[in-house]
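Open the model in your viewer and keep the selection tool at hand. Each stop below tells you what to pick and what to look for.

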Amino acid sequence: MTSFDSSPTLNAWRALAALAVVFVMLATTGWTAVRSHPGKTALQASLSAWEHGRIDGHALPDPDASPTRLARFFASLTAQQRTRLAHRYPLAVGNMNGAPVTLRYRANHIALDQQRKVEQKRMHDNRLTPLGQQEAGRLMHRFEALMTKDRHILAFDPEGAGRIAEVFGDLNTAQRVSVIVPGVDTDLLTFQKTNKEYSAPVGMAQNLYAAENTARSATDTTDTAGTRTAVIAWADYTSPGGLGIDSATAGRAEAGAVRLNALVRALPGTSQVALFCHSYGSVVCGVAAHELPARVTDIAVAGSPGMRTSSASHLHTLARVWAMRDADDWIQDVPYMELGGLGHGEDPVSNAFGARVLSAKDAEGHTGYFAAGTDSLTNFADIGVGAYRSVTCAHEGDTCREGLSGA
């Protein structure tokens with residue numbers, strides 16, 4: 001269980017407020033944190049090697065070039081040349097927006113195997129504490145699980161707590177893509193859970209993908225029948241660790257928003273995209289909203305502490321904005337405000353915010369929005385396939401469907 005999986009006590013919130021005061025005092029009195037300056041990370045080393053690399057005598061493009069430019073480069077290569085690059089620079093290629101998704105899967109499989117071997121050695125490193133060796137063992141087994149044949153890893157960075165993204169479905173042929181943006185305490189080890197699997201990104205994505213398949217087969221509208229979908233479990237940003245200053249401010253969200261926008265802009269084809277943002281993930285989506293490309297048609301938030309604004313219109317996005325909250329979700333006790341950078345603004349399910357408020361019946365508190373059989377998951381799936389006339393509003397009168405074509 002993580003800090004955001006269970007209801008924090010009032011004392012915890014008082015402690016957070018006290019920490020916030022200390023933080024502001026330190027920041028305004030010239031205090032600075034002492035940070036170490038480690039060498040290059042594995043991903044940085046791979047990118048640096050790419051920058052100095054060549055393929056058959058030709059220099060490689062800037063890894064930070066636009067996805068379109070990089071896509072053209074990879075399209076100009078033979079299959080053998082692309083495979084060679086994946087083996088030489090697995091982390092660089094595996095995280096490169098613009099590289100073919102199937103090549104990224106292959107490169108990340110190689111990178112995972114390399115990191116698996118690193119952790120396998122660390123398991124028996126006597127310089128580590130028993131706890132350190134145990135942590136290495138957990139990572140080694142996680143990397144093994146991520147390497148199985150049926151898994152499609154779109155992004156992978158082993159540095160620190162780690163970042164990762166996994167695809168369910170076929171991104172190359174999908175007409176609609178759903179991206180799940182999770183909240184605090186999300187990393188390589190919490191990316192997937194066996195207990196309450198729907199509370200972790202992999203379980204969220206699996207349940208949503210299955211529900212979308214059900215929704216598209218059940219609908220009788222020509223707009224959505226047979227719609228090809230894909231779902232991305234996107235934990236490719238450094239989320240806050242538990243209840244603290246990072247979760248009460250937007251720093252992690254701002255960095256995550258840059259990465260989220262880069263992902264969306266690099267998706268192959270012309271698929272429409274819906275973002276499903278849980279807890280602090282809704283802060284990421286709120287910060288990202290004004291720069292999202294037009295292909296993002298929907299932003300749906302659940303259990304949100306706020307989206308860093310006072311209203312949906314202030315997100316400055318053309319996407320439809322949806323919100324839901326379970327009646328038993330403790331997040332409703334969080335002060336919905338923003339003062340001096342602390343807090344995340346208006347409550348997204350409030351009338352003042354102006355989002356389309358959906359039913360979250362049976363969502364099982366803060367972490368159960370993607371549990372099978374819930375209104376919340378069914379609503380997410382209907383949005384994911386574009387079956388807007390099928391969504392269930394939180395209040396009588398179908399107010400959440402007002403103004404929608406065909407509703």
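Select R84 first. In this predicted model, R84 has 26% relative accessibility, so the residue counts as partly exposed. R84 belongs to helix α4 (residues 79-88), while D56 sits in the loop between β1 (54-55) and β2 (58-59), so the pair ties together parts that are 28 residues apart in sequence. D56 is partly exposed as well, because its relative accessibility is 47%. Side chains of opposite charge can pair when their charged atoms come close.

How many salt bridges does a search of the whole structure find? The search finds 14.

Go to R151 and E166 next. They form a salt bridge, with the closest N and O atoms 2.7 Å apart. R151 is in the loop between α7 (130-146) and β3 (152-157), and E166 is in strand β4 (residues 163-169). The pair links distant parts of the chain, 15 residues apart. Are these two residues buried or exposed? R151 is buried, with a relative accessible area of 14%. E166 is buried too, at 2%. The cut-off for buried is under 20% relative accessible area.

Move on to D236 and R259. This salt bridge has its closest N and O atoms 3.2 Å apart. D236 lies in the loop between β6 (229-235) and α9 (245-248), and R259 lies in helix α10 (residues 251-266), so the contact ties together parts that are 23 residues apart in sequence. D236 is buried, with a relative accessible area of 9%. R259 has 27% relative accessibility and counts as partly exposed.

**Aromatic rings**

Switch to the rings. The whole structure holds 9 aromatic pairs. Select W50 and F73. Their rings form an edge-to-face pair, 6.2 Å centre to centre, with 85 degrees between the planes. W50 is in helix α2 (residues 42-51) and F73 is in helix α3 (residues 67-75), so the pair ties together parts that are 23 residues apart in sequence. Both W50 and F73 are buried. Ring pairs link W50, F73, F74 and Y89 into a cluster.

Now pick W234 and Y237. Which arrangement do these rings show, stacked or edge-to-face? Their centres are 5.6 Å apart and their planes are at 10 degrees, so the pair is stacked. The cut-off for stacked is planes under 30 degrees apart. W234 is buried at 1% relative accessibility. Y237 is buried at 2%.

One more ring is worth a look. Select W322 and R356. The charged end of R356 sits over the ring of W322, 5.8 Å from its centre.

**A cavity**

Which residues line the second largest cavity? Select V301, A302, G303, S304, A323, M324, R325, Y336, D347, P348 and V349. Strands β8 (296-302) and β9 (320-324) are the elements that give two or more residues to this lining. Colour the lining by residue type: 7 are nonpolar, 2 polar and 2 charged.

**Helix α12 and beyond**

For the last stop, select residues 375-385, which make up helix α12. How many of the residues of α12 are buried? The count is 9 of its 11 residues, and the helix is mostly covered. The buried residues are S376, L377, N379, F380, A381, D382, I383, G384 and V385.

Step past the end of the helix. G386 follows α12, and its phi is positive, near 85 degrees. Then find L404, in the segment after α12. L404 is buried, with a relative accessible area of 10%. L404 and Y388 are 16 residues apart along the chain, and their C-alpha atoms are separated by 7.5 Å.

Notes
Residues numbered from 1 in each chain as written. Predicted model: local features only at pLDDT ≥ 70, side-chain atom pairs only at ≥ 80, totals over all residues. Heavy atoms only, no water. 1 Å grid on protein atoms, 1.4 Å probe; cavity = no way out; pocket = protein on both sides within 12 Å on 5 of 7 lines; lining within 4 Å. Helix = DSSP H or I, 4+ residues; strand = E, 2+ residues; numbered from the N terminus. Nonpolar A, V, L, I, M, F, W, Y, C, P; charged D, E, K, R; others polar. Salt bridge = Lys/Arg side-chain N within 4 Å of Asp/Glu carboxyl O. Buried < 20%, exposed > 50% of the residue type's maximum accessible area, 1.4 Å probe, protein only. Phe/Tyr/Trp six-rings, centres within 6.5 Å; stacked < 30°, edge-to-face > 60°. Lys NZ or Arg CZ within 6 Å of the ring centre and 35° of its normal.
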